[in-house]
Amino acid sequence: MSGEKLMPTKTHPEFWNERWIKSEIGFHQSNNHKYLEKHLSKLLSNQNKMRILFPFCGKAVDMAWLASLGHEVVGVEFVQMACEQFFSENNIKYSVKDLKDLKLFTSEDGRIKLYNGDFFKFNSELEKPFECVWDRGAYGALHLDLRIKYAEHMKNLLSPSVRYLLDVFEYDTSLFPGPPHSCPLEEIQQHFGSEFQIELLESEKTISLNQKLTEANQPLDKLYFLSRK
């Protein structure tokens, strides 16, 4: 990739809160993600009743689907509106509890828990380490300084046997500043490679982010599978 890089957009949590307030949530999908459906058995290792972490979960419909299959879903989301809309739009009864730093939304059957607040205040005191992670755009939603912090924090939430699906975009940053931010393999290796094996599962041309990227046949939507070394 060539050209001078554009300054990336600073995507702190309030940036995303404003997007929800303005209903600028083109990243939300009304159907289950095709990558998750295709590689679910790899994520779950063909096991039943697994616990799956959804960082920056928004109101992803995949959470209701996985819960209907008997799995437990734990989401973390900064925007309270997104948590409320998830339960209302999926007709799921829930309760809300105030914790020290977060709010906890829990479905009536207990299979879905959404922690509302700062992801960096979500820790292993609240939930035991996770064996499955579906990271659809959470890592790539953050600018680089926060991606570094995110990777380190995420590692503290994971079990030794974790299976981690990481969905990111990759494109020429001289043509678009993000978000979603471009996350090349070299960067992912730098942040996760010392502890994880990283396998590319999918790479395909995807949504149009702007005209210049479209003309360059970008971005690529890439799915990586991470497992402990």
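## Leu53 and the cores around it

Setting aside neighbours within four places in sequence, Leu53 contacts Val74, Val76, Phe122, Phe130, Cys132, Val133, Trp134, Met154 and Leu157. Contact here means heavy atoms within 4.5 Å. The model is predicted: local features need pLDDT of at least 70, side-chain atom pairs count only at pLDDT 80 or more, and totals for chains, interfaces and linings use all residues. Residues are numbered from 1 along each chain as its sequence is written, and side-chain values use heavy atoms, with hydrogens and water left out.

**Cores.** Leu53 is among the residues with the most contacts inside the largest nonpolar core, along with Phe122, Met154 and Tyr164. That core has 29 residues. A nonpolar core is a set of buried Ala, Val, Leu, Ile, Met, Phe, Trp, Tyr and Cys residues joined through side-chain atoms within 4.5 Å. Buried means under 20% relative accessible area, with a 1.4 Å probe and protein chains only.

S7 gives the largest share, 5 residues. Another core, of 27 residues, lies apart; Leu36, Cys57, Phe87 and Trp134 are among its members. In soluble globular proteins, nonpolar side chains tend to be buried together.

**Helix H5.** Helices (H or I, at least four residues) and strands (E, at least two) are DSSP runs, numbered from the N terminus. H5 covers residues 80-89, and Ala82, Cys83, Phe86 and Phe87 are buried in it. These residues lie on the same side of H5, because they cover an arc of only 130° around the axis. The arc is that of the directions from the helix axis to the C-beta atoms. Their cover includes helices H1 (13-21) and H4 (62-68), and also strands S2 (72-77) and S3 (94-98). Just after H5, Asn91 has a positive phi of about 55°.

**Asp172.** Where is Asp172 placed? Asp172 sits in the loop between strand S7 (158-170) and helix H7 (185-192). Its relative accessibility is 10%, so Asp172 counts as buried.

**Whole chain.** The chain has 8 helices and 9 strands. Of its 229 residues, 48% are buried. The C-alpha trace spans about 50 × 40 × 30 Å along its principal axes.

Technical notes. Buried means under 20% relative accessible area, exposed over 50%, partly exposed in between (1.4 Å probe, protein chains only).
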